[in-house]
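Dear colleague,

I am handing over the structure below, and the notes after it go through what was found. Please read them with the structure open beside you.

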Amino acid sequence: MDILIIGLLLGGTYALMAMGLQLQYGVARIMNLANGELLIAGAFGAFWFYAGTKVSPLLSLLFVVPLAFALNWLIYRFLILPLVRRAKSQGKLEVDSILATFGLSFIFIGIMVAFFGAQYTDYAYLSEPVFIFGERYGLNRVVSFFASAVLCIGLYVWLHKTRAGLALRAVSVNPSAAGLVSINVARASAFAFALGGAVTAAGGVLLSMYLTFDASYGVVFTLKALIIVILGGVGDIRGTILAAFILGLAETAVATLIDPGLTLAAAYILFMIVLLVRPEGLFGRRTA
Amino acid sequence: MSNLADTRQAMRAGAGLSSGELRKLLISAAIFVLAALVPFAVDGYPLQLAINIAMYAALATSWLLFSGPTNYIALSTAAFFGIGMYTAAGGIELLPYPVLILLAGVIGAALAAVVGLATLRVSGVYFVIFSLGLAELIRQFMTWGQHVFGTMSGIYVTIDRSEPEYYWQLLLLTVVVYVVGWWIGRSRLGFALRIIGNDEVVAVHCGINTALAKVVLFVISSAFASIAGALVAPRWGYVEPVVAFNPFVSFQVVIMALLGGTHRLWGPLLGVIPFVLLWELIAIEFPSQTTLLLGVCFLLIVYVIPNGFTGLVETALGRRGKAGNAPGAAQRMFDPLRNLRQRGKNRNA
């Protein structure tokens, strides 16, 4: 029961972080290996804000999200777009963007170490118990989960009920066909990349409320987000949310039953199973 | 397709060494002999640098064996390097050291086979993702294993070796990697890999078992990284998970190979020497900003010299109107797709 609830709470926050990557990879088609570092940057932003003001870190979303949006838009505009233009094929672009974002992730780590140091960081906010079915859970986890749920639902509705969201989904399905129906694909991609970064950073703010992190921990979150996206199926938000809960549960089960140090192993086992059984993901479409 | 058959025939006909190749072989041999004399000329700090250069030369060249022709960026060097270190450290009380070095290669190869079979059948991106976290995954397992089975967080490993001996060992490994790479380049496997790197769909249609070719090469490449780990473990003296599976090793290997250029087997050798020196400079001058500055170097290489030093050299040679003698000419001849593409262009024109 413990595992179930903690796993679901964790999965809820993972869903938000993975939706960010989903937007960047599914719509803008950029494999962003610096995604986890951005999440950690969001976490540091919340930490810095909470340490300075002592009001709810949730409020730090108000400046973390716009900042992350602007930063990612700049990254797309000045780092990724030249690669898109230079690339002769999708494969070449993939290699280039992987290399560029890999280098970028180290720059992020370097900047964060310079500002916040390399030590483990956490802060105590709402670390009082709540009771669910008679068991104690940290209030911060529950609050984080609900905040994530609100953002996820908002994003889902936005993607499915507005014209702008429809345009993004169209680009995700087929960029060249989207161009034919007068969608500005370049702008939609840049927007999706920036929005994805903002969503990921928001995930970082929420995770920072109960997780301990340090500047170099981003790669683990990059992997988790990637595995969730692949497990759910690239380009499918429902799949991402479901997969995030599966990963949250699997990780919590491993952490509780075997050892808290092996959470990445849980993610990898899921990854292996997906690769061997259903490489296109739970909701993905099989490509020829 | 007839073009492809021609090329194959050309490959078979060229099974013996041409005079150009013989010359290149002699030059390479001379360079390695000169490199082997380094410990007689210097010791102390310069020799330590030379050992680092030899180690990264072996790692970067073995990285290139797989990632060069296939264009799949392997970010897993640290994982295999660490496995090699742990094989040497864990078995030093039980088995003779030379056996351990081979064993490290075998274990690295076995792991690479599992990883390769799981990911390389599907798509390049999945392979990159898997390789990105592999070092961290194994580090977690090692930490957990040592936590469960022992109390120590690391293992001491000491054998009697002098600094020049470490240098020669690593240099020899580099030579072996280089020769194996050269041999693969001439073999059917290398030919298949070049086609895969150019266009995987065409490769499949030519009847190449693309997955098998990639897995075999990844296994070879990873085994060498493990052996390098086993060779340097005693020099470090104390092996613990955080040090052995340091993701920086993967990062540095990729950056050095890119700096040198990934289109030629000798590319990494050109990249390793300047980069090890630059890294030393950065570590001394800006000890707290190494990560940041290395990230910047990495981006500069990706954006400014995407083809590395070898690309620059070849462009320069090409401009002087010696395209026929440029080192790229041989490969261009063996690149059937480029010829096909060229034909397409001519037809369109």
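Is the crossing of helix 5 of chain B and helix 11 of chain B left-handed or right-handed? The crossing of these two helices is right-handed, and please keep in mind, here and throughout, that the model is a predicted one. The axes of helix 5 (residues 77–91) and helix 11 (residues 210–236) of chain B come within 6 Å and cross at roughly 45°, which means that helix 5 of chain B is oblique to helix 11 of chain B. On the side of helix 5 of chain B, the residues that make the contact include F80(B), F81(B), G82(B) and M85(B), while helix 11 of chain B contributes, among others, A225(B), I227(B), G229(B) and P234(B). Sorted by class, this contact has twelve nonpolar residues, seven polar residues and no charged ones.

The axes of helix 4 (residues 45–70) and helix 13 (residues 247–260) of chain B come within 9 Å and cross at roughly 75°, and because an angle of 65 to 115 degrees counts as roughly perpendicular, helix 4 of chain B is described as roughly perpendicular to helix 13 of chain B. Here Y56(B), L59(B), A60(B), W63(B) and L64(B) of helix 4 of chain B meet Q252(B), V253(B), V254(B), M256(B) and A257(B) of helix 13 of chain B, and the residues of this contact divide into nine nonpolar, one polar and no charged.

As for chain B as a whole, it has 18 helices and two strands, and 44% of its 349 residues count as buried. Among the contacts in chain B with a separation of 6 or more, 79% are accounted for by residues 24 or more positions apart.

Turning to where the two chains meet, the contact takes 34 residues from chain A and 30 residues from chain B. On the side of chain A that touches chain B, helix 4 (90–116), helix 9 (218–232) and helix 11 (263–277) of chain A each supply at least two residues, and the largest share, 16 residues, comes from helix 4 of chain A. By class, that side of chain A has 27 nonpolar, four polar and three charged residues.

Helix 9 of chain A can be looked at on its own as well. At 1.5 Å a residue, its 15 residues should span 21 Å, and the C-alpha atoms at its ends are 21 Å apart, which agrees. Helix 9 of chain A is mostly covered, since 15 of its 15 residues are buried, and just after this helix G233(A) takes a positive phi of about 105°.

Finally, there are two residues whose backbone deserves a look. Most residues other than glycine have a negative phi. S182(A), although not a glycine, has a positive phi of about 55°, and this residue is found in the loop between helix 7 (175–180) and helix 8 (185–208) of chain A. S182(A) has 7 other C-beta atoms within 10 Å and is therefore exposed. In N71(B), a residue other than glycine, phi is also positive, near 65°, and N71(B) is found in the loop between helix 4 and helix 5 of chain B. With 17 other C-beta atoms within 10 Å, N71(B) is partly exposed.

With best wishes

Note on methods: Residues are numbered from 1 along each chain as its sequence is written. Chains are lettered from A and ligands numbered from 1 in the order in which they are written. This is a predicted model: local features need pLDDT of at least 70, side-chain atom pairs count only at pLDDT 80 or more; totals for chains, interfaces and linings use all residues. Axes are lines fitted to C-alpha atoms, for helices over the stretch in contact, and angles run from 0 to 180 degrees between N-to-C directions. Helices (H or I, at least four residues) and strands (E, at least two) are DSSP runs, numbered from the N terminus. Angles under 35 degrees count as roughly parallel, over 145 as roughly antiparallel, 65 to 115 as roughly perpendicular and the rest as oblique. A crossing is left-handed if the near helix is turned anticlockwise from the far one by less than a right angle, and right-handed if clockwise. Two residues are in contact if their C-beta atoms, placed from the backbone, lie within 7 Å. Ala, Val, Leu, Ile, Met, Phe, Trp, Tyr, Cys and Pro count as nonpolar, Asp, Glu, Lys and Arg as charged, and the others, Gly among them, as polar. A residue is buried if 20 or more other C-beta atoms lie within 10 Å of its own, exposed if 12 or fewer, and partly exposed in between; C-beta atoms are placed from the backbone. The expected span of a helix is 1.5 Å times one less than its number of residues.
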